[in-house]
Amino acid sequence: MRKLYFIIALLFVSSQLFSQTDKDFKVYWDNGVKIDSRKGNTKIKMGGRIQYDVMWIQEDDSLQKHFDAQNGAEFRRARIYTSGTIYNNIKFKFQVDFAGGIVVIKDAYIQLTKIPAVGNIRVGNFKEPFGLNMLTSSKYITEMERPTANAFDNDRNLGLMLFNQHFKKRLSWFAGYFYPSGNVGIYKGNQYDLVFRFVGLPVYNVDYEYKVLHLGASFAHQYHDNSEVSYNIRPEAHLAPRYLNLKIPNVADINEINGEFLLIFNTFSLESEYTVSYVKPSSSSTLSKSSYKFFAYYGTLSWFITGEHKNYVLSKTTFDRVTPKRNFGKDSGFGAIELSLRYSYFNLNNADLKGGIMSDITGGINWYLNPAVKVAINYVYSDVKNLGKANIFQMRFQIAF
């Protein structure tokens, strides 16, 4: 019933806006429905995404003794959203996901812009500023799933963030304070996250040849107030079992450091990140060490064989929408074809804590029929140290606008 109320409310708001378009608003399509006021001080966009996935998995005999993997299909994401700018200096976004048969508020924030010295202030529920791939929308990531290394990164939480850009957006910084609310929209307790991210662009030339060199670093201090911390890591396939599992009781805090590297050279791109996590048990812990170190990293190669390139957006410091040179079905166009290869490594072993080690090799083919529609094919070879190996084949059909 709540879903129905939300959809009715959204349709009502839309109808009211459209009923005034002749006088007050201009309505047009730009990879989503956009509504701009004639005076130019208010801009609203409405859109959504559907990601339908299918997966086939085969485990070797050794791994099958520990995990019962099954083939499957799912709506990985099914979202609608509205975002925009009101009176030139107030931005907002509200996004809801219906995948899995439940309603989850993903983004729900208000942003004040053009603040002297600070630049921007954002409050609400949104992603913590940590890591390039995590901050890139799932609509625009290269493989179907993010690398296993992103399991260290927090996703969306309730919080406040200050951020700004300098030198024609070639230098960006972000600083946030968050509560570990886990997308439920409420938190009570003493835990918190302090997160900082810095991004520099030593090379940015998109006028003739498309060349971008992105260097970034993030730091997160997570205060856990002597609570239990769990890591449950699956390979780069959302329907696969969680092969790495570790519970750490009585954790005082965690400090994480992340490094980002991105190079785009015309049709080629290289993306890599390294994350190290220092877990500090509380004074009452019975573990053997006062601090534990875990780490993960990945590297992704991409090549557009049809001549396109990755789209990097300065204001977001992340990837954005790929636009084919010729859309599929128009003037005998075929769309854009991207080939990719990624290696990722995740280590949860240190001293008396044995969460396991897993490495994945993922190969992918992305077919961009047009800027809104994409078909992805991934093959994942997952090697769980001392447990076994899995071969995974998966496909995604995506529309995002």
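**Cores and overall form of a predicted model**

Student: What does Tyr-231 touch?

Tutor: Phe-152, Leu-244, Asn-245, Leu-246, Ile-248, Ile-254, Ser-277, Val-279 and Leu-348, leaving out residues up to four places away in sequence. A touch, or contact, means heavy atoms within 4.5 Å. This is a predicted model: local features need pLDDT of at least 70, side-chain atom pairs count only at pLDDT 80 or more, and totals for chains, interfaces and linings use all residues. Residues are numbered from 1 along each chain as its sequence is written, and side-chain values use heavy atoms, without hydrogens and water.

Student: What makes a set of residues a nonpolar core?

Tutor: Its members are buried Ala, Val, Leu, Ile, Met, Phe, Trp, Tyr and Cys residues, joined through side-chain atoms within 4.5 Å. Buried means under 20% relative accessible area with a 1.4 Å probe, protein chains only. The largest core has 31 residues; Tyr-231, Tyr-243, Ile-248, Val-279, Phe-294 and Leu-348 touch the most other members.

Student: Which element gives the most to this core?

Tutor: β12, with 5 residues. Strands are DSSP runs of E, at least two residues, numbered from the N terminus. Another core, of 11 residues, lies apart; among them are Val-199, Leu-201, Val-212 and Tyr-312.

Student: How many residues of the chain count as buried?

Tutor: 50% of the 401 residues.

Definitions and conventions
Helices (H or I, at least four residues) and strands (E, at least two) are DSSP runs, numbered from the N terminus.
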